[in-house]
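Work through the following exercises with the structure open beside you, and try each task before reading its solution.

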Amino acid sequence: MQTKNVIVLPYNPEWKNDFEEIKKELVNAIGDLIVCIEHVGSTSVEGLSAKPIIDIDVVISGYTVFDSIVRRLGAIGYIHVGDLGIKDREAFKYIDKPHLQRHHLYVCPQNSNELLRHTTFRDFLRNNPEAVKKYSKVKEEAAKLFPDNIDQYIEYKTPCIKELYLLCGLS
């Protein structure tokens, strides 16, 4: 069991700006090596309650540039921690970034199933206000019920996510 404080907040329009600030730093370091940078996860959906952590997918054409990405991200304080069990989604942690909103950084090749899942779910939610209301409610309930247990929080919201995945063609 993983103990971790779970905080879910109502949507904050500042999350868009937070993403842009992080993106700017990333583009300065690796912009010539990448296809694009996607704001994914709950903070990328207007109106959706979320943990105040920006999820970012850096999209690369393929793994031929990956070693250079790791090196350059390392120079600005990011540490490659592997795929964490998810194929074609390389995770990075960081140190000493108090000027940026807390975030999760991933690097994915453009043909990654995980990237497709992130963008498909995000785009579905952006276009379905009723799904946003439903998912927000479930996330808020989960955070109230399990404020100190991220695993139970995730378990509680999983049935809702699975239902929404079916609606947007993911399984």
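**Exercise 1.** In this predicted model, find which residues Val58 is in contact with, leaving aside its neighbours within four places in sequence.

*Solution.* Start at Val58 and pass over the neighbours within four places in sequence; the contacts that remain are Leu26, Ile30, Ile34, Cys36, Ile37, Leu105, Tyr106, Val107 and Cys108.

**Exercise 2.** Determine where the buried residues of H1 lie around its axis.

*Solution.* First list the buried residues of H1, which are Trp15, Asp18, Phe19, Ile22, Glu25, Leu26, Ala29 and Ile30. Because they cover an arc of only 125° around the axis, they lie on the same side of H1. Finally, look at what they pack against, namely strand S1 (36–40), S2, H2, strand S3 (78–82) and S5.

**Exercise 3.** Classify the ring pair formed by Tyr63 and Phe66, and say whether Phe66 is buried or exposed.

*Solution.* The ring centres of Tyr63 and Phe66 are 5.6 Å apart and their planes stand at 70°, so the pair is edge-to-face, since planes over 60 degrees apart count as such. Phe66 has 8% relative accessibility and therefore counts as buried, whereas Tyr63, at 36%, counts as partly exposed. Ring pairs also link Tyr63 and Phe66 with Phe92 into a cluster.

Definitions and conventions. Residues are numbered from 1 along each chain as its sequence is written. This is a predicted model: local features need pLDDT of at least 70, side-chain atom pairs count only at pLDDT 80 or more; totals for chains, interfaces and linings use all residues. Side-chain values use heavy atoms; hydrogens and water are left out. Contact means heavy atoms within 4.5 Å. Buried means under 20% relative accessible area, exposed over 50%, partly exposed in between (1.4 Å probe, protein chains only). Helices (H or I, at least four residues) and strands (E, at least two) are DSSP runs, numbered from the N terminus. The arc is that of the directions from the helix axis to the C-beta atoms. Rings of Phe, Tyr and Trp (its six-membered ring) pair if their centres lie within 6.5 Å; planes under 30 degrees apart count as stacked, over 60 as edge-to-face and the rest as tilted.
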